[in-house]
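Please read the points below beside the model. They go through domains, chain contact, helix packing and sheets in turn.

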Amino acid sequence: MPLEIRGLSKRYPNGVQALDNLSLTIGNNMFGLLGPNGAGKSTLMRTIATLQDPDSGQILLNGMDVVANKDAVRRQLGYLPQEFGVYPRISAMDMLHHLAVMKGIHKASERKEIVDALLRQTNLWDARKKALSTYSGGMKQRFGIAQALLADPKLIIVDEPTAGLDPAERNRFLNLLSSLARDVIVILSTHIVEDVRELCPRMAIISNGRLVLEGAPDEALERLRSGIYSILVKTEEEFAAVSAKYQVVSTKLLGGAHEIRIHSDTAPGDGFRPVDPALEDVYFLTLNSQKVN
Amino acid sequence: MFLEFLLFEIKLRLKSISTWCFFGLWVLLTFLLVGASNYTMPPGKTLINGPFVTQLLDFQLSFFGAIVMASIFGTSILRDFQRDTYQIVFTKPIGKFAYLGGRWAGSLVITLFVFTGIPIGEMLGASAPWVDHTRLAPLNLGMLAYHYAVIVAPQIFFLGSVFFLVAALTRRVFVVYLQGVTLFAVYLIGLIAVQQTRSLNPYWPSVFDPVGLLLFRSTVRYWTVSEQNTLWIPFNGMFLWNRVVWCSVGLTALLAVLLLFPMSAEALTARRSKRQKKVEQESTAPPAPRFHNLLPPVSTHFSLATGIQQFFSLSRIYFNNIFREIPFWAITFLMVVTCLVNGHFAGQVNDANVWPVTYLMLQAVEGISPLLLYLIATMYAGELVWRERDTHFEQIHDALPFRSWIDTFSKLTALAAAELFLLTLVLFTGILSQIASGYYRFELGQYAEELYLIVFSQVLIFALLAFFTQTIVANKFIGHGIVIGVFLLSIVLDTAGLSDRLYMYGDVVPYTYSDMNGYGHYVKPIFWSTTYWLAWAVLLGVLASLLARRGAETGLRTRLRGARQSLPAYSALLIIPLLGIVGSGAWYYYNTHILNPFLTDKDARVLQANYEKLYKKYERAPIPKITAVDTAVNIYPENRSFSATGTYTAVNESGVPISDIYVTNGRRSVRAISFDRPASATLGDKKNGFWIYHLTTPLEPGGRHSNSLPVRVRESRLP
């Protein structure tokens with residue numbers, strides 16, 4: 001049941017070109033959508049989630065036009081937006097029951113079962129009767145994924161789900177996502193490269209509304225194998241020397257000193273040590289080569 | 001530092017639309033009140049822009065402006081807490097006096113500016129070309145300034161400082177909302193209480209009158225017209241003491257704020273953090289890895305039954321949104337209290353104690369209730385329309401598989417349910433008051449008819465207007481302003497004689513109920529005018545559904561485009577109310593404009609003036625004196641009409657021959673007239689109702705003649 005995006009374009013009234021003739025095919029299983037802030041990920045997510053229309057292009061879910069059949073898409077959709085608030089003075093349980101009705105779960109017994117199961121699986125069972133407005137950030141996010149999973153959705157969209165979660169929360173959340181069935185499309189839109197590395201067999205990188213890379217993280221990493229080297233520098237001059245000679249991929253702080261990672265087809269020698277390529281290297285390299293282009 | 005806060009406050013307000021809206025509203029209202037002064041001001045020779053009128057406007061609009069004052073002074077303090085900037089502001093080294101003083105002074109300056117709309121509107125109104133120039137005085141800026149300074153400015157100082165104090169110490173939004181409303185209700189109760197004492201010159205109540213209406217009435221009660229036109233309000237006696245008392249209260253409020261306001265962020269949010277228990281640290285053990293999803297299977301179903309389930313679930317949520325809010329209960333409490341107070345006095349009609357029969361009780365409890373019902377409708381139409389976006393829940397909500405109209409319909413249902421609840425409370429307070437007076441004949445049918453049929457329809461009409469406005473306008477508070485503006489405008493236009501019930505939104509026929517006659521002949525007009533406006537309201541509701549916000553792009557243009565696409569599906573829902581409008585509107589128009597032409601006060605006066613101009617010359621003409629009248633009358637009580645044929649016999653006692661008989665037909669009730677001798681009509685002015693019949697042979701002095709006329713009077717003109 002593929003999701004085909006064909007030539008999607010969107011320009012906002014203030015002139016920003018959010019999507020620029022984007023084409024992408026997403027199949028079942030977890031799909032990671034990477035890109036910096038403002039790349040157009042949220043616009044794309046909202047368009048697929050039937051919340052806004054593109055200027056041109058098509059989105060086909062199993063052959064069905066998404067933009068023209070919003071109601072049909074919504075019946076199969078589970079959506080966790082980037083930021084959301086909650087109604088005051090209502091408990092998680094009541095809200096989930098209400099949303100279960102809204103999603104068309106007819107029988108009260110089925111509703112009770114699914115709501116209880118989701119509350120347990122997201123570790124919200126103990127807090128189920130407390131008002132949503134008293135929930136911490138992590139708990140609210142877990143509620144968010146619970147409501148997205150209510151009616152056995154075939155298309156799940158999570159937009160920046162782990163931003164602001166502490167490492168343990170993040171772990172639990174990713175664990176939950178990874179356990180979802182194999183025949184479901186899950187699109188994980190994020191700027192945290194590690195999330196994609198941990199979860200997604202396929203990914204795409206978006207920059208300035210355009211698709212700049214698509215494929216399996218493993219393949220991308222394989223292509224970079226033995227091409228990434230690292231060196232620690234301590235002064236401005238050392239850095240200038242390195243960046244003049246080689247293609248700098250990223251600069252990181254490592255225990256107070258600056259670690260420079262470079263990309264080079266041949267061994268650079270003097271002070272550089274080879275390191276295993278990380279997905280972040282793929283990410284930065286791809287984005288920077290776009291900038292050069 | 002103080003200057004910094006002051007200037008910041010002023011700059012922020014000047015950039016805000018609401019400030020200019022308030023200002024514009026005052027100018028417009030005053031302009032209309034003065035410009036239409038032929039009808040709103042005391043008649044006769046009182047100057048339209050004289051001191052009396054200035055005083056009246058200043059006092060009255062300061063009273064109504066309490067809400068504006070509450071809004072400006074309250075939000076200046078609340079801003080940091082609403083927008084969560086207090087953590088940034090209070091961790092800087094700012095002085096309390098500078099912070100509070102700057103905010104207060106800035107609010108004061110802005111409020112003073114906004115209220116200058118009153119004298120400005122007055123000046124503009126006086127210069128309107130259609131105003132009666134004989135009642136205008138030359139522009140006297142000193143007079144305007146003096147009254148502004150002694151009436152409006154102290155009100156702003158005192159009320160503003162008190163509102164500021166309350167907002168600063170409670171730091172909650174709904175308190176700001178409620179301050180103005182509470183002041184109204186409490187004040188009105190106080191006024192009623194004072195009126196009951198029937199004292200002619202209430203000195204002490206006037207001195208302690210926080211709003212000034214009673215003070216004004218007491219001060220100018222016995223002024224003659226010439227005093228009204230020349231005297232500036234004297235700054236002594238009652239008036240002086242009143243200003244002293246309330247300015248000191250204002251000063252005390254300021255001192256209290258300065259002393260009691262805690263300047264630390266911790267103290268300021270103590271209440272909030274007390275409620276928030278510290279979140280337990282969650283376990284950091286590594287989570288067990290999951291391999292497959294263990295959720296139970298569910299089946300989804302999308303049919304009419306689902307739609308109904310969705311409707312009920314949504315309505316329940318929206319219902320809770322209203323019923324769990326403290327402002328709603330506060331207004332409800334206010335309403336119950338005023339109803340009980342009014343109900344207590346229902347059995348007193350002009351000093352006589354009568355049984356508080358149901359229709360009297362209804363009149364009493366209805367007093368201020370419609371206003372509060374409209375207030376709830378305005379507020380909660382806004383809250384409901386903006387619910388998802390205010391709570392930032394709209395992205396999840398809008399992606400759910402429901403039809404948009406179900407959402408709109410549930411919101412309207414919740415609002416209607418809230419209003420029905422309030423009306424039921426009114427009913428209970430009425431019954432309670434009757435029991436308290438020892439009267440037990442509650443005519444529940446009468447209660448139900450009046451409250452649930454008539455009043456509820458009017459509230460619904462207004463609520464749908466508010467709902468529609470909030471759907472169209474981009475900002476909830478501008479929406480509130482527009483709705484309140486329409487309400488006030490209709491009152492003003494009505495007193496200005498500019499209103500035709502067909503286009504004054506929601507204007508249903510006023511009626512009188514009597515136990516003998518029931519609603520009598522008002523039934524049809526009430527029915528048709530209510531149906532007319534209900535049809536309009538339904539149309540607005542359907543349009544609101546068509547244009548409802550959904551999704552991430554909610555600009556009006558986008559929604560209009562989407563609406564055009566949904567139009568065919570909505571066609572039935574649009575055509576039915578349109579038919580209703582045309583049908584009932586046509587009946588109403590026919591009856592008010594064609595059958596019995598609708599005459600405004602102005603029209604009536606013009607007619608009378610013409611009549612006098614044309615026919616005054618015949619005033620002293622000799623006419624025969626009627627000596628005998630013989631009529632056969634048929635009365636039709638169901639139609640409130642009668643027909644009659646009568647014969648007048650008249651004798652010429654004037655001493656000169658009379659050849660012209662003058663017949664007036666002001667009520668247009670005479671259909672024909674025949675004389676016992678040859679006569680012909682020489683003048684027939686149908687419009688002004690004046691005929692002259694010329695007798696072929698003049699009637700000699702002492703001669704007698706008779707004429708007979710069939711008359712038919714049908715009181716079918718609609719009120």
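The notes start with conventions and then work through each chain.

1. Conventions. This is a predicted model, in which local features need pLDDT of at least 70, side-chain atom pairs count only at pLDDT 80 or more, and totals for chains, interfaces and linings use all residues. Residues are numbered from 1 along each chain as its sequence is written, while chains are lettered from A and ligands numbered from 1 in the order in which they are written.

2. Domains. Bounds here come from an automatic or database domain assignment. Chain A is given domain 1 (3-215) and domain 2 (226-275). Their C-alpha centres are 38 Å apart. Chain B is given domain 1 (2-272), domain 2 (304-523) and domain 3 (606-714). In chain B, 60 Å separate the C-alpha centres of domain 1 and domain 3.

3. Contact between the chains. Chain B brings 39 residues to the contact and chain A brings 45 residues. A contact means C-beta atoms, placed from the backbone, within 7 Å. On the chain B side, α17 (304-323) and α22 (394-398) are the elements that give two or more residues. The most come from α17(B), with six residues. By class, this side of chain B has 18 nonpolar, 16 polar and five charged residues. (Ala, Val, Leu, Ile, Met, Phe, Trp, Tyr, Cys and Pro count as nonpolar; Asp, Glu, Lys and Arg as charged; the others, Gly among them, as polar.) Helices are DSSP runs of H or I with at least four residues, strands are runs of E with at least two, and both are numbered from the N terminus.

4. Helices α4 and α12, chain B. The axes of α4 (residues 51-64) and α12 (residues 213-220) come within 9 Å and cross at roughly 160 degrees. That makes α4(B) roughly antiparallel to α12(B). Axes are lines fitted to C-alpha atoms, for helices over the stretch in contact, with angles from 0 to 180 degrees between N-to-C directions. Angles under 35 degrees count as roughly parallel, over 145 as roughly antiparallel, 65 to 115 as roughly perpendicular and the rest as oblique. This crossing of α4(B) and α12(B) is left-handed. (Left-handed: the near helix is turned anticlockwise from the far one by less than a right angle; right-handed: clockwise.) From α4(B), B:F52, B:Q55, B:F59 and B:F63 meet B:L213, B:F216 and B:V220 of α12(B). The classes in this contact are six nonpolar, one polar and no charged residues.

5. Helices α18 and α23, chain B. At what angle do the axes of α18(B) and α23(B) cross? The crossing of α18 (residues 326-344) with α23 (residues 404-436) is at roughly 30 degrees, and the axes come within 9 Å. That makes α18(B) roughly parallel to α23(B). The crossing is right-handed. Among the residues that meet are B:M335, B:C339 and B:G343 in α18(B), and B:L422, B:V426 and B:G430 in α23(B). This contact has seven nonpolar, six polar and no charged residues.

6. Four-stranded sheet, chain A. The sheet is open, antiparallel, and ordered β12-β13-β11-β14. Strands count as paired if DSSP finds at least two bridges between them. Its edge strands are β12 (247-254) and β14 (273-274), each pairing on one side only. Seven bridges join β12(A) to β13 (residues 257-263). There A:K252 stands opposite A:E259. The two strands form a hairpin with two residues between them, and A:G255 in the turn has a positive phi of about 60 degrees. A:S230 has A:R273 as its bridge partner.

7. Strands β1, β4 and β5, chain A. Five bridges join β1 (residues 3-11) to β4 (residues 56-61), running antiparallel. A:E4 stands opposite A:L60. Two bridges link β4(A) to β5 (residues 64-65), also antiparallel. A:L61 stands opposite A:M64. In this hairpin, with two residues between the strands, A:N62 takes a positive phi near 55 degrees.

8. Three-stranded sheet, chain B. The order is β5-β8-β7, open and antiparallel. β5 (658-664) and β7 (679-685) are at the edges with a single partner strand each, so one side of each has no neighbour in the sheet. Neighbouring strands are turned by 20 degrees against each other on average, direction ignored. Six bridges join β7(B) to β8 (residues 690-699). B:D685 stands opposite B:F690.

Key. Two residues are in contact if their C-beta atoms, placed from the backbone, lie within 7 Å.
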